[in-house]
Amino acid sequence: MTHRTTLPRAHLLAAALEAAARGWHVHPLLPGGKGSALHGERSCPRTGECAGGHVKWEARATTDPDRIHAAWGTGAFNVGIATGPSGLVVVDLDMPKDKNGKDSSDAPCGATTFLALCERAGQPWPTTYTVRTPSGGMHLYFNASPDTVLHNTAGTAAPLVDTRAWGGNVVAAGSITSHGAYEVADDAPVADLPAWLLHVLRTPPARTAAPAPLLIPGQATRRATVALERESATVSHTPEGGGPQGGRNNQLMVSARALGRFVAWGEIPRDVVETAFQAAGESARLTPGECRATIRSALDWSIRTARSREAV
C-alpha cells in the first residue's frame, strides 16, 4: 500500500495546535519524516533565539500558538513532541524486526513484553492516551510529576520497550510518513505515570544485560552510528574504579573523545552524541551534572583537534 508522505499544512498545523493545547511542547519535523526540521548546531545562524549560542530543538519546542502558526505556515511539517518539557513519559512499544530490519512475526512484540511487565507487577494494562504508529507499535503517554526527572531508555525495561522523557521526542498523532500515519488509538485522558513503572525505569539494568540497540534519529553515517553504539555501551558497563567515580568518568571522557571526529566531519549531529552519552553515563551511576561537563569537554577537545577526514 502506498501512502502519501505529505499532508496539507492546515491538517498538520491543526495537529500541532491540538498537541500544544494539551500543554505539549511541539517542534516541526521534516515533511513526511521523523527528523527535526530545525537547524542544527553546525548550521546555526547565531541570531534570534540562538544569538547567545545554539539552542537545541528540545528548548525551542513551544506551546505558543503564534510561533506554531509561523512555523507551520512555511511548510507541511510533521509534528514532534518534546517529551521532557511537556511533562511526559512516553512508552514506545515497538514491533520485532529480523536481522535485515524487516518486520518479523517470530518474536514477541513490545506490547507483549510490556504486558508481561504489568503482570509481574500485579497491575492491569494502564488506560491512557495512546497513539498507534505506522509499524503497528504503540506510544503510551503518561504524565510525570514535576519532581520526576527521567531520561530516555532503549530496551532496558523490557525487550522492544523504549521510553522517551527528557532528551526525547515522539511523533504526534496526525503526522504521516511513507510507512503510514500516526493515529490516536485510545483518546483516554493521559494517566499519571504508575508508581510501579516509575520504579522499573529508575532501577538500573543488570550489568550482565546485553546493551540495547541505540536508536539514533536524524541523519548519521553507518560507521558513526556503529561507533556511538559501541562506545555508549562501553560507558554503560564500566565498573567503579580509580576512586569513587574515576574509572567511569575516565571511560566517558575517552569514549566521547572517540566520537568527536565524526561530529567534526558532519557524520553525526553533536546533540545525538551528547544525548546518547548522557544516558550511558547516568546508567553507569554518574551524576547528570558530571556527565554533561565531561561530555562537553571531551567533544570540544576532540572536535578542535580532529584531523581532516581525508588525512585519516
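Visitor: What is the mean pLDDT of the protein?
Guide: The mean is 85, and 85% of the residues reach 70 or more.

Visitor: Where does pLDDT stay under 50?
Guide: One such stretch is residues 207-217, for which the model has 23 contacts beyond four places in sequence. The pLDDT is also below 50 over residues 242-246, a stretch with six contacts beyond near neighbours in sequence.

Visitor: How should one read the coordinates where pLDDT is low?
Guide: Where pLDDT is low, the predicted coordinates should not be read in detail.

Visitor: Turning to packing, at what angle do helix 8 and helix 9 pack?
Guide: Helix 8, residues 270-283, packs against helix 9, residues 288-305, at about 140°, and their axes are 9 Å apart.

Visitor: Why is helix 8 described as oblique to helix 9?
Guide: Angles over 145 degrees count as roughly antiparallel. The angle here is about 140°, so helix 8 is oblique to helix 9. The crossing of these two helices is right-handed.

Visitor: Which residues meet there?
Guide: From helix 8 the contact involves Arg-270, Val-273, Glu-274, Phe-277, Gln-278, Gly-281 and Glu-282. Helix 9 contributes Pro-288, Cys-291, Arg-292, Ile-295, Arg-296, Leu-299, Asp-300 and Ile-303. By class, the contact of helix 8 with helix 9 has seven nonpolar, two polar and six charged residues.

Visitor: And how do helix 6 and helix 8 cross?
Guide: The axes of helix 6, residues 222-236, and helix 8 come within 7 Å and cross at roughly 25°. Angles under 35 degrees count as roughly parallel, so helix 6 is roughly parallel to helix 8. This crossing, of helix 6 and helix 8, is right-handed.

Visitor: What makes that contact?
Guide: On helix 6, Leu-228, Glu-231, Ser-232, Val-235 and Ser-236 take part. On helix 8, the residues are Val-272, Val-273, Ala-276, Phe-277, Ala-280, Gly-281 and Ser-283. The contact of helix 6 with helix 8 has seven nonpolar, four polar and one charged residues.

Visitor: What is Phe-262 in contact with, leaving aside neighbours within four places in sequence?
Guide: Phe-262 is in contact with Arg-223, Ala-224, Ala-227, Glu-267 and Ile-268.

Visitor: How far apart are Phe-262 and Val-273?
Guide: They are eleven residues apart in sequence, and C-alpha to C-alpha they are 9.6 Å apart in space.

Methods:
Residues numbered from 1 in each chain as written. Predicted model: local features only at pLDDT ≥ 70, side-chain atom pairs only at ≥ 80, totals over all residues. Heavy atoms only, no water. Axes fitted to C-alpha atoms, helices over the stretch in contact; angles between N-to-C directions. Helix = DSSP H or I, 4+ residues; strand = E, 2+ residues; numbered from the N terminus. Parallel < 35°, antiparallel > 145°, perpendicular 65-115°, else oblique. Left-handed = near helix turned anticlockwise from the far one by under 90°. Contact = heavy atoms within 4.5 Å. Nonpolar A, V, L, I, M, F, W, Y, C, P; charged D, E, K, R; others polar. pLDDT = per-residue confidence, 0-100.
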